[in-house]
Amino acid sequence: MTTKAQVLNPQNKLHHVETISVTKILVGIFAAVPIALTLPAAALEVQILPKKPQLGDTISVLIEPESQVQPSNPTVTVGEQTYPTFAIAPNKYRAFIPTTPLEKAGVRKVTVSGDGPQQRNLAVYVGDRKFPIQRITLPPGKAGVKATEYELTRVKEFKALVTPEKFWNGVFLRPNKGRMTTIYGVRRYYNGKFANNYYHRGLDYAGAAGSAVIAPAAGKVALVGTVSQGFRVHGNVVGIDHGQGVTSIFMHLSRINVKEGDIVKAGQLIGAVGSTGASTGPHLHWGLYVNGQSIDPKSWKSQIVD
């Protein structure tokens, strides 16, 4: 709609002057309002893998905000525990939730929060799993060996690493060619006494003494310890930081071929099988940790975990 008004010019002559279009005024007002205010809050697309997790599995939480503008990483919370998230592709994020044999099967309430009002609440059911019982008899001199404070502190600090960079790529390799003798999650009796709150935190390979131990995936050597330094239980040990809260530890080595700070590739020689520390014979213990918790390496060896 257009209106007209009559005005006098300096010569007192009457003229018709067309005013601004009312329609144009309204358009200008709405154009000045940010579009985001007229749209619903952006949603979070969340995918949980595996679809049917069991105790010992690593749960991947994949997040895709609807908005292409995401100033900060989303947060993933289970109960009072918040897990770090990392960008793995443009506008795509991932967090790992570890599960262990010491937990109870059942529903986990997972809260995923983005910027502003973006939030998803999910119920993830973690299935039960039976873990074998094993009886171990340690020989004199090995039974009752206790870790030193130095050993415990160094290992605890190593397992707590959450490096932003992702070093690994693809499936994890077998670190030794020996046959597997002890699987993940086994509960144990040591010299007839049940070990409460214990489960076998890794995989044991019965490789021959001196046989090669390789890095299962790329990473940075963040821990090197020896019996002479006080690593009584772990023995000669190497720890690799694969990045983003994922770490590997290799115990009871007879030889160490790397030093702290080294960057290693998947398949690179890092040491040799031995029987140092609390060990009944030559073997390699490989433990894989996610956000400080020991998880089953099985799925990491059979499929790519991004």
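The following dialogue explains how several features of this predicted model are named.

Mentor: The model is predicted, so local features require pLDDT of at least 70 and side-chain atom pairs count only at pLDDT 80 or more, while totals for chains, interfaces and linings use all residues. Residues are numbered from 1 along each chain as its sequence is written, and side-chain values use heavy atoms, with hydrogens and water left out.

Trainee: How many aromatic pairs does a search of the whole structure find?

Mentor: The search finds nine aromatic pairs. Rings of Phe, Tyr and Trp (its six-membered ring) pair if their centres lie within 6.5 Å; planes under 30 degrees apart are stacked, over 60 edge-to-face, and the rest tilted.

Trainee: What makes the pair of Phe-172 and Trp-300 edge-to-face?

Mentor: The ring centres of Phe-172 and Trp-300 are 5.2 Å apart and the planes stand at 75°, so the pair is edge-to-face. Phe-172 belongs to the loop between helix 2 (149–159) and strand 12 (180–182), and Trp-300 to helix 3 (residues 298–302); the pair links distant parts of the chain, 128 residues apart. Helices (H or I, at least four residues) and strands (E, at least two) are DSSP runs, numbered from the N terminus.

Trainee: Which residues form one aromatic cluster with Phe-172 and Trp-300?

Mentor: Phe-96 and Trp-168 form one aromatic cluster with Phe-172 and Trp-300.

Trainee: Why is Phe-96 called buried?

Mentor: Buried means under 20% relative accessible area, exposed over 50%, and partly exposed in between (1.4 Å probe, protein chains only). Phe-96 has 1% relative accessibility, and therefore counts as buried. Phe-96 is placed in strand 8 (residues 92–98). Both Phe-172 and Trp-300 are buried as well.

Trainee: What lies over the face of Phe-96?

Mentor: Arg-94 does, at 4.0 Å from the ring centre. The rule is that NZ of Lys or CZ of Arg is within 6 Å of the ring centre and within 35 degrees of the ring normal. The charged end of Arg-201 likewise sits over the ring of Tyr-199, 4.1 Å from its centre.

Trainee: How do you know that Asp-296 and Arg-129 meet in a salt bridge?

Mentor: A salt bridge is a side-chain nitrogen of Lys or Arg within 4 Å of a carboxyl oxygen of Asp or Glu. For Asp-296 and Arg-129 the N to O value is 2.8 Å, and the pair is a salt bridge. Asp-296 lies in the loop between strand 23 (293–295) and helix 3, and Arg-129 in the loop between strand 10 (119–126) and strand 11 (133–136), so the bridge ties together parts that are 167 residues apart in sequence. Asp-296 is buried because its relative accessible area is 7%, whereas Arg-129, at 22%, counts as partly exposed.

Trainee: Which residue forms a salt bridge with Arg-154?

Mentor: Glu-260 does, with the closest N and O atoms 2.7 Å apart. Arg-154 is in helix 2 and Glu-260 in the loop between strand 19 (246–256) and strand 20 (263–264), so this pair ties together parts that are 106 residues apart in sequence. Arg-154 counts as buried at 17% relative accessibility, and Glu-260 as partly exposed at 39%. Another salt bridge joins Asp-262 and Lys-259, whose closest N and O atoms are 3.0 Å apart. The search of the whole structure finds five salt bridges.

Trainee: Why is Lys-259 called exposed?

Mentor: Lys-259 has 54% relative accessibility, and therefore counts as exposed.

Trainee: What joins the side chains of Ser-113 and Gln-119?

Mentor: A polar contact of 3.3 Å joins them. Such a contact is a pair of N or O atoms within 3.5 Å; within protein, one must be able to donate a hydrogen and the other to accept it, and residues adjacent in sequence count only if both atoms are side-chain atoms. Ser-113 is in strand 9 (residues 106–113) and is buried, because its relative accessible area is 18%.

Trainee: Where is the cis peptide bond that ends at Pro-50?

Mentor: The bond runs from Leu-49 to Pro-50, with omega near -5°. Pro-50 lies in the loop between strand 3 (44–49) and strand 4 (58–65). Most residues other than glycine have a negative phi, and most peptide bonds are trans. Gln-244 has a positive phi, near 55°, and counts as buried at 5% relative accessibility.
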